[in-house]
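Please examine the sequence and the structure shown below. The briefing that follows is arranged by topic.

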Amino acid sequence: MQPALARQDDRNQPINVVHADHMDGYNAPNSVTTLTGNVLITQGTMKLTGQLAKIYTAKEDTSVDHITVTATPKKQPHIEQIDDNGNLMTGDADQLYYDNVNGVAILTGHAHIWQATKGESFGAKLTYNQNTGYIVGESGNEGPVHMTFLPKQKPVTPKHPAPAGSTPAKPGAPASSTAKPAPASTAPAPASSAPTKG
């Protein structure tokens with residue numbers, strides 16, 4: 001798949017748990033925090049949503065190593081991000097694994113990734129690399145990988161409507177031929193005051 005040019009400064013932003021109905025865990029090295037119910041996690045323009053998410057911290061410190069979001073009967077995990085060109089990328093799957101260290105999102109099970117102005121991919125497993133913008137698809141029991149590439153967008157030519165009441169000029173006729181002639185004056189000519197020679 002063609003590069004998505006993922007927004008490079010997103011990974012330098014903090015990871016925020018914006019919303020969850022319930023949280024179980026603590027911020028410590030080599031720990032797991034479980035979030036349930038309407039979960040929303042953000043990092044710059046990237047958003048992760050789902051009903052069940054787990055945040056794993058690194059062994060050495062409290063930085064985030066990776067995040068998993070698992071499908072429930074209510075909702076599939078969802079990821080979205082805006083690239084450096086301002087285009088939106090979205091992804092959905094039964095299982096989402098986000099590697100925060102390497103900037104890689106792995107979508108497994110009924111995976112679907114859509115990129116504005118570029119196209120979409122379907123597969124049993126799709127791997128999206130934020131650093132390179134490339135997507136790798138793998139087939140499985142769900143069938144082969146499907147991909148759609150969008151055509152190049154053509155510029156739209158603005159249409160200027162003709163003024164109301166005007167008649168289009170015939171081919172080859174001067175533009176002035178479409179104008180209506182001025183009405184002839186009906187006023188009588190003024191009488192001459194000069195004496196008549198006899």
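Predicted model: local features only at pLDDT ≥ 70, side-chain atom pairs only at ≥ 80, totals over all residues.

Residues are numbered from 1 along each chain as its sequence is written, and side-chain values use heavy atoms, with hydrogens and water left out.

**Overall composition**

- The chain contains zero helices and 12 strands; here helices (H or I, at least four residues) and strands (E, at least two) are DSSP runs, numbered from the N terminus.
- Read from the N terminus, the order of elements is β-β-β-β-β-β-β-β-β-β-β-β.
- A contact is defined as heavy atoms within 4.5 Å. Of the contacts in the chain with a separation of 6 or more, 47% are between residues 24 or more positions apart.
- The chain exposes about 12,800 Å², of which carbon and sulfur atoms supply 56%; such areas come from the Shrake-Rupley method with a 1.4 Å probe, and for residues only the protein chains shown count as cover.

**The nonpolar core**

- A nonpolar core is a set of buried Ala, Val, Leu, Ile, Met, Phe, Trp, Tyr and Cys residues joined through side-chain atoms within 4.5 Å. The largest one has 22 residues, and Ile 41, Leu 48, Ile 67 and Leu 107 have the most contacts inside it.
- Two or more residues of this core come from each of strands E3 (32–43), E4 (46–57), E5 (64–70), E8 (95–99), E9 (104–115) and E10 (119–129).
- In soluble globular proteins, nonpolar side chains tend to be buried together.
- Beyond its neighbours within four places in sequence, Leu 107 is in contact with several residues, including Ile 79, Leu 96, Ile 113, Ala 124 and Leu 126.

**Strand E5 and its partners**

- Strand E5 is mostly covered, with five of its seven residues buried.
- Two strands pair if DSSP finds at least two bridges between them. E4 and E5 run antiparallel and are joined by six bridges, and a hairpin connects E4 to E5 through six residues.
- Within this pairing, Thr 57 has Val 64 in E5 as its bridge partner.
- E5 is also joined to E8 by five bridges, and these two strands run antiparallel; Ile 67 has Tyr 98 in E8 as its bridge partner.
- His 66 and Tyr 56 are 10 residues apart along the chain, yet their C-alpha atoms are separated by 5.4 Å.
- Leaving aside neighbours within four places in sequence, the contacts of His 66 include Lys 54, Ile 55, Tyr 56, Tyr 97 and Tyr 98.

- Asn 87 lies in the loop between strand E6 (78–82) and strand E7 (88–92). Asn 87 is buried because its relative accessible area is 18%.
- Apart from its neighbours within four places in sequence, Asn 87 is in contact with Gln 81, Ile 82, Ala 116 and Thr 117.

**A nonpolar surface patch**

- Ile 82, Leu 88 and Trp 114 form a nonpolar patch on the surface, with about 220 Å² of accessible area together.
- Patches are made of residues with over 30% relative accessible area and no salt bridge, where like charges are joined within 9 Å and nonpolar side chains (Val, Leu, Ile, Met, Phe, Trp, Tyr) within 5 Å; a salt bridge is a side-chain nitrogen of Lys or Arg within 4 Å of a carboxyl oxygen of Asp or Glu.
- Ile 82 is placed in strand E6 and counts as partly exposed, at 32% relative accessibility.

- Most residues other than glycine have a negative phi, and most peptide bonds are trans.
- Asn 38 is not a glycine but has a positive phi of about 50 degrees. Asn 38 lies in strand E3 and, at 43% relative accessibility, counts as partly exposed.
- His 110, found in strand E9, has a positive phi near 50 degrees and is a residue other than glycine.

Terms used: Buried < 20%, exposed > 50% of the residue type's maximum accessible area, 1.4 Å probe, protein only.
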